[in-house]
Amino acid sequence: ERERDVYVFIFILLLTYFQSKYIGFYHDDYGYGSLVYGVTGEYSGRGLADIIAFCKDHYINWGGRVLFFFFQILSMKLGMQGFMLVQAFVTGTALFFAYKTVLTVVNDHEKNWLYVLCVLLGSYLLFYPDTYKNALFWASASVLYVWPLCPLMIGIYLVYTWHFQHAQSCGRLFLMGMMFFLAGFSQEQIILAAISFAPLFLVSASSISQFRILKKPLLTVQCAALLGSCCMLAAPGNFKRLASGHDGGMHTLAELPAVTWELVRDMLRAPGAVIWLLSLAAALFLLRGTVIRRLLPFLGMAAATLAIFYVIRLRYISPRIYFPASFLLAIFCSGVFPVLVSKYSSMKKYATKFVLILLMLGVLHHSYYVIYGYYLNYPTVIANDMNLKKAGELPTPPHEVIFYKLPARYYHECMPYDNRPYIEAWIKSYYGLPATTIIRYEDSPIGVD
């Protein structure tokens, strides 16, 4: 089994590597990379002390989501390609521990590992394309909406193995607490998932009478998640940002039906939504089974990540808000399928073919409708990065530099030429160019095939 896990992990990493390989920096990525976004101070360098000072300034003046921005800035020091390698590893690790958690739930690893892996990855590759564009493929959004899922999934895996495999130790207890603290000190949706996990696990995966056995891990992760969320939510910058009107206001009761319709409609835009619906329908028939009840925390956490929007009225609904819920629903689906196969033996001879076809469809859909556009932009992304980097390294920077427009417009986030001139100052700061440097925007000579 350990040897198989190594191969599975490598396979997932290859998938997430090619998924992230062709992504560039956009919009406020340059602001965070140059330590100027949302702060009042100025930082002459980009060493560790400057990054910490920036995060402190950001915490006081703009918002409490600083821990993962700290990780982002450190990763951006590796350059564009280096950052995407880190992202591939973080995303791949989250998927791997999701896979391992579901296997712990459904058991019988020899029969179920392929079902779980293919349904999980197939579902993951069939999210709504805009959800990828606005979350995973935008560095500053990804570190908030995607990266925290990695410590969350590691922590959840440790809790499941603690209870169902009796893998109990003080070291595991400390590690699961640390993972839930990191998840709690991230972003509001992940906070709701993290703090809802312990009660959901207690109710669905066991019984109240077993609290004596579960009290150590569940109290540990609950306290750790609450502590992390308090660190994030108590930031003075949160209140300053709310007062500025940047994040909209609060919903009224009369608006709740419209909010429900909007959330359901946007979630069902995902090509993989049919898999979610079929899994939910199957789960209703299998609900009495112990295994299905053990999977319900993922369903509950998915609902919790969306529940916040019944309270907060955003100025506009961004597709990235659906990534955490979509990810958790993919985990739920990957557990329902093997249970369904074991319940109905007539499905067994078709099951392996079905999951392999699902994975293949997911890869083909994702490659053509999502990755291909970023692939077309990638040569221009690299050309811009090299040109501006060389210009910034010259003893006397040039008076004018050329920045090529990315040819496939749908496949990138905002740039200065998208009527967002404020981004230009961040780009100059990121590449070490003087504020007086003129950036001339031209159509890419590389073009689109």
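## A tour of aromatic rings

Start by selecting Phe 354, which counts as partly exposed at 45% relative accessibility. The model on screen is predicted.

Next, look for the ring that partners Phe 354. Phe 337 and Phe 354 form a stacked aromatic pair, with 5.4 Å from centre to centre and 20 degrees between the planes. Now colour the helices: Phe 337 is in helix H17, while Phe 354 is in helix H18 (residues 348-393), and the two residues are 17 apart.

Widen the view. The structure holds 51 aromatic pairs. Another of them to select is Tyr 124 with Phe 323: the ring centres are 6.5 Å apart and the planes stand at 85 degrees, so this pair is edge-to-face. Tyr 124 belongs to helix H6 (residues 109-124) and Phe 323 to helix H17 (residues 323-343), so the pair ties together parts that are 199 residues apart in sequence.

Is Tyr 124 buried or exposed? Tyr 124 is buried, with a relative accessible area of 0%. Phe 323 counts as buried too, at 1% relative accessibility.

Ring pairs link Tyr 124 and Phe 323 with Phe 127, Tyr 132, Phe 137, Phe 327, Tyr 374, Tyr 410 and Tyr 411.

For the last stop, centre on Tyr 410, a member of that cluster. Which residue lies over the face of Tyr 410? Select Lys 133, which is placed there at 5.7 Å from the ring centre.

Note on methods
Residues are numbered from 1 along each chain as its sequence is written. This is a predicted model: local features need pLDDT of at least 70, side-chain atom pairs count only at pLDDT 80 or more; totals for chains, interfaces and linings use all residues. Side-chain values use heavy atoms; hydrogens and water are left out. Rings of Phe, Tyr and Trp (its six-membered ring) pair if their centres lie within 6.5 Å; planes under 30 degrees apart count as stacked, over 60 as edge-to-face and the rest as tilted. Helices (H or I, at least four residues) and strands (E, at least two) are DSSP runs, numbered from the N terminus. Buried means under 20% relative accessible area, exposed over 50%, partly exposed in between (1.4 Å probe, protein chains only). A charge sits over a ring if NZ of Lys or CZ of Arg is within 6 Å of the ring centre and within 35 degrees of the ring normal.
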